[in-house]
Amino acid sequence: MPQTLTTALITFALFAAIIGCMEIGRRFGRIALARNQNGLPKGIGAAEGAIFGLLGLLIAFSFSGAASRFEERRHLITEEANDIGTAWLRIDLLPPDAQPEMRALFRSYLDSRLATYQVATDPQAVATRLAASAELQNRIWAKAGQNVHRPGASSAAPMLLLPALNAMFDIATTRVRATENHPPMVVFMLLPALMLIGAVLVGFDLAENKVRQPLHITAFATVMALTVYVIVDLEFPRYGLIRIDSSDHVLVDLRKSMN
């Protein structure tokens, strides 16, 4: 099942669960009213405030963290393009007869990097692409090591080309690790759990109204469910509606410039 559809179904399920919990809370409240004609129990505001305060803090923490990681991943794409572009220019430091093969390897390497994120929704395909990129890295490094000290190479080649290649390889590893950087699963479990508990409390407070308040109920459920959806979308920007794919154009443009 596509990740976008899975996230949408989870969001809808959370929306329905919140409405259900509000109805449960309302029924508990009606029972409490039937037993106590003076109204709902007093002194529960502190408990509700603590729960909703924690919920607000967790939402802020989750949203801020997801947005920061989203921007970091966009920045890493630009950084990789800069690192590859720098190393590409420094191929000129090699002997002229070694440059065509090295440039061909660079083109293949960048094609492999672009293909990796074009199949980001398929973990097995991603693993295959990453293995191909690693093999090309080894070949590029071996060729560079063989040619930087050859006659015809610039004396600055070892000091300029090799560090540039190292940075180019390092940023690829950094991007892979960035895609795996997510909050602990307990955070994703605690967030909807607090929302459902909060929904029960809201429903309990609404019990004093003899008629249900569909606007308030629907608004609360919608806002909570959409908040979770946006957080998850930001955490996995290759899957949902909030996507990072548009940032890949810097690598695509770099590849065009290599022709």
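**A chat about the pocket and the rings**

Biologist: Which helix gives the most to the lining of the largest pocket?
Modeller: Keep in mind that this is a predicted model. Helix 2, helix 3, helix 4 and helix 5 each supply at least two residues of that lining. The one that gives the most, with 4 residues, is helix 5.

Biologist: And how many charged residues are in the lining of the largest pocket?
Modeller: The pocket holds about 450 Å³ of space. Its lining has 21 residues, and among the closest to the centre are Tyr-117, Glu-180 and Arg-238. Sorted by type, the lining has 13 nonpolar residues and 3 polar ones, and the charged ones number 5.

Biologist: What kind of pair do the rings of Trp-88 and Phe-106 make?
Modeller: There are 5 aromatic pairs in the count. For this one, the ring centres are 6.1 Å apart and the planes stand at 55 degrees. Planes over 60 degrees apart would count as edge-to-face and under 30 as stacked, so this pair is tilted.

Biologist: How far apart in sequence are the parts that Tyr-109 and Phe-169 tie together?
Modeller: Their rings form an edge-to-face pair, with planes at 70 degrees, and both residues are buried. Tyr-109 belongs to helix 3 and Phe-169 to helix 5, so the parts they tie together are separated in sequence by 60 residues.

Biologist: Is Ser-62 buried or exposed?
Modeller: Ser-62 sits in helix 2 and touches Arg-69, Val-187, Leu-191 and Ile-231, leaving aside neighbours within four places in sequence. Its relative accessibility is 6%, and the cut-off is under 20%, so Ser-62 counts as buried.

Technical notes. Residues numbered from 1 in each chain as written. Predicted model: local features only at pLDDT ≥ 70, side-chain atom pairs only at ≥ 80, totals over all residues. Heavy atoms only, no water. Buried < 20%, exposed > 50% of the residue type's maximum accessible area, 1.4 Å probe, protein only. Contact = heavy atoms within 4.5 Å. 1 Å grid on protein atoms, 1.4 Å probe; cavity = no way out; pocket = protein on both sides within 12 Å on 5 of 7 lines; lining within 4 Å. Points joined across faces, edges and corners; volume = space filled by probe spheres on them. Nonpolar A, V, L, I, M, F, W, Y, C, P; charged D, E, K, R; others polar. Phe/Tyr/Trp six-rings, centres within 6.5 Å; stacked < 30°, edge-to-face > 60°.
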